[in-house]
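The points below are meant to be read beside the model.

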Amino acid sequence: MRAVVQRVSSASLAIEGDASCEIAEGLLVFLGIGREDGERDITWLARKLPQIRVFPDENGQMNRSLMDTGADLLLVSQFTLFGNLRKGTRPSYNRAAPPEIAVPIYEKFITQLEAAMGRTVSTGTFGAHMDIRAVNDGPVTLILDSREKRF
């Protein structure tokens, strides 16, 4: 699983043109699911995300997590995170999991993430066209990969 994590002061999402959800301060997470991903990847990322310390403490240092601050999380599925351009200029997505594999993983990930956080996570709809608006805070952007942990 691959995640692009952005600290935001706000973010919103519209699905197929209709407003769907909005968060205040928190993390906007774009999630890609690869063909090889499974239970270990779900568990690793669901435990890691709520603990990432990217929010400032009283001294302005990034020492606080979602769990410390109570900040929100907006999760958006994005298969293009597994696109590659090795053979030209049109991306190949052959490393991305097909929907019949990715959807159950995505749903299980949401369940585990909500359990880890102890609250509901805002999400987009898998496979839908979404318009996302975000006000990046910092900016702070991190890339996590359950297969390449030293990314």
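Which side chain meets that of Asp 37 in a salt bridge? The reply is in point 2.

1. Basis. The model is predicted: local features need pLDDT of at least 70, side-chain atom pairs count only at pLDDT 80 or more, and totals for chains, interfaces and linings use all residues. Residues are numbered from 1 along each chain as its sequence is written, and side-chain values use heavy atoms, with hydrogens and water left out.

2. Asp 37. Its partner is Arg 147, with N and O 3.8 Å apart. A salt bridge here is a side-chain nitrogen of Lys or Arg within 4 Å of a carboxyl oxygen of Asp or Glu. Asp 37 sits in the loop between S3 and H1 and Arg 147 in the segment after S8, 110 residues apart. Helices (H or I, at least four residues) and strands (E, at least two) are DSSP runs, numbered from the N terminus. Asp 37 is buried at 8% relative accessible area, while Arg 147 is partly exposed at 47%. Buried means under 20%, exposed over 50%, and partly exposed in between (1.4 Å probe, protein chains only). Shared partners join Asp 37, Asp 41 and Arg 147 into one network.

3. Other salt bridges. The count is five. In one of them, Arg 2 pairs with Asp 145 at 2.7 Å between the closest N and O atoms. Arg 2 belongs to strand S1 and Asp 145 to strand S8, so this pair ties together parts 143 residues apart in sequence. Both Arg 2 and Asp 145 are buried. Another joins Asp 137 and Arg 7 at 3.3 Å, N to O.

4. Main core. The largest nonpolar core has 29 residues, and Leu 31, Leu 49, Leu 75 and Phe 109 touch the most other members. Such a core is a set of buried Ala, Val, Leu, Ile, Met, Phe, Trp, Tyr and Cys residues joined through side-chain atoms within 4.5 Å. Elements that each supply at least two residues include S1, helix H1 (39–48) and helix H3 (99–117). H3 gives the most, with seven.

5. Helix H3. Which residues of H3 are buried? They are Ala 102, Ile 105, Tyr 106, Phe 109, Ile 110, Leu 113 and Met 117. Gly 118, with a positive phi near 75°, follows H3.
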